[in-house]
Amino acid sequence: MRGHIEKRGKTWSAVIDMPRDPVTGKRHQKRITAPTKRETEAKMVEFIASVQQGGFTDPGRLTVREYLEQWLRTVESTLRPSTYRRYADLMRKHVVPIIGNVQLAKLTPLHIQKLY
């Protein structure tokens, strides 16, 4: 993964080339902004490390269903098996049918109210 830092007005920006979309093959970039060059560099290094460790997903394309599936996989090792099953059942039976196809970035309080 590569990136570069540039001065934009009074702030600094890091532009990071993200992996291509596996389905469409389109190129993606992530922009990180901070007031100083040093802060921008630090945020860029932290972000790249997070991506390489699998800790980043683009919320613009991620649906509530996909997020919840990732979250469940992440917390599974910290939960008792019965708690994990209960969370998975609640999501599968109640959350996913109502708001599972909503993109995470477009989730609004009205969606949550609809879930209630």
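Q: Which residues count as contacts of I32 once its neighbours within four places in sequence are left aside, and what makes them contacts?
A: In this predicted model, I32 is in contact with W12, S13, A14, I16, T40, K43, M44 and F47. Contact means that heavy atoms lie within 4.5 Å, so each of these residues is taken to touch I32.

Q: Why is I32 called buried?
A: The relative accessible area of I32 is 11%, and buried means under 20%, so I32 falls on the buried side of that limit. Its place is in strand 3, which runs over residues 28–34.

Q: How far apart are I32 and I98 in sequence and in space?
A: They are 66 residues apart in sequence, and from C-alpha to C-alpha they are 33 Å apart in space.

Q: Why is T40 called buried?
A: T40, which lies in helix 1, has a relative accessible area of 0%, and since buried means under 20%, T40 is therefore buried. Not counting residues up to four places away in sequence, T40 touches I5, W12, S13, A14, I32 and A34.

Q: How do you know that the span of helix 1 is close to the one expected?
A: Helix 1 covers residues 37–52, 16 residues in total, and from its first C-alpha to its last it reaches 22 Å, which is set against an expected 22 Å at 1.5 Å a residue.

Q: What makes the buried residues of helix 1 line one face of the helix?
A: The buried residues of helix 1 are T40, M44, F47, I48 and V51. Seen down the axis of helix 1, these residues fall within an arc of 100°, so they line one face. On the other side of helix 1, R38, V45 and E46 are exposed. Among the elements that cover the buried residues are strand 1, strand 2 and strand 3.

Q: Why are strand 1 and strand 3 said to stand at the edges of the sheet?
A: The three strands form an open sheet in the order 1-2-3, with antiparallel pairing. Strand 1 and strand 3 each have a single partner strand, so one side of each is left without a neighbour in the sheet. Neighbouring strands of this sheet are turned against each other by 20° on average, with direction ignored. Helix 1 packs on the sheet and touches strand 1, strand 2 and strand 3, while its direction makes about 20° with that of strand 2.

Q: What makes strand 2 mostly covered?
A: Of the eight residues in strand 2, six are buried.

Q: Why are helix 2 and helix 3 called roughly antiparallel?
A: The axes of helix 2 (residues 64–75) and helix 3 (residues 81–99) come within 10 Å and cross at roughly 175°. Angles over 145 degrees count as roughly antiparallel, and the two helices are therefore described in that way. Where they meet, V64, R65, L68, W71 and L72 in helix 2 face Y84, Y87, A88, M91, V95, V96 and I99 in helix 3.

Q: How do you know that the span of helix 2 agrees with the one it should have?
A: Helix 2 has 12 residues, which should span 16 Å at 1.5 Å a residue, and because its end C-alpha atoms are 16 Å apart, the two values agree.

Q: What puts the buried residues on the same side of helix 2?
A: The buried residues of helix 2 are V64, L68, L72 and V75. Around the axis they cover an arc of only 75°, which puts them on the same side of helix 2. R73 and T74, on the other side of helix 2, are exposed, and what covers the buried residues includes helix 3.

Terms used
Residues numbered from 1 in each chain as written. Predicted model: local features only at pLDDT ≥ 70, side-chain atom pairs only at ≥ 80, totals over all residues. Heavy atoms only, no water. Helix = DSSP H or I, 4+ residues; strand = E, 2+ residues; numbered from the N terminus. Buried < 20%, exposed > 50% of the residue type's maximum accessible area, 1.4 Å probe, protein only. Expected span 1.5 Å × (residues − 1). Arc of directions from axis to C-beta. Pairing = 2+ DSSP bridges. Axes fitted to C-alpha atoms, helices over the stretch in contact; angles between N-to-C directions. Parallel < 35°, antiparallel > 145°, perpendicular 65-115°, else oblique.
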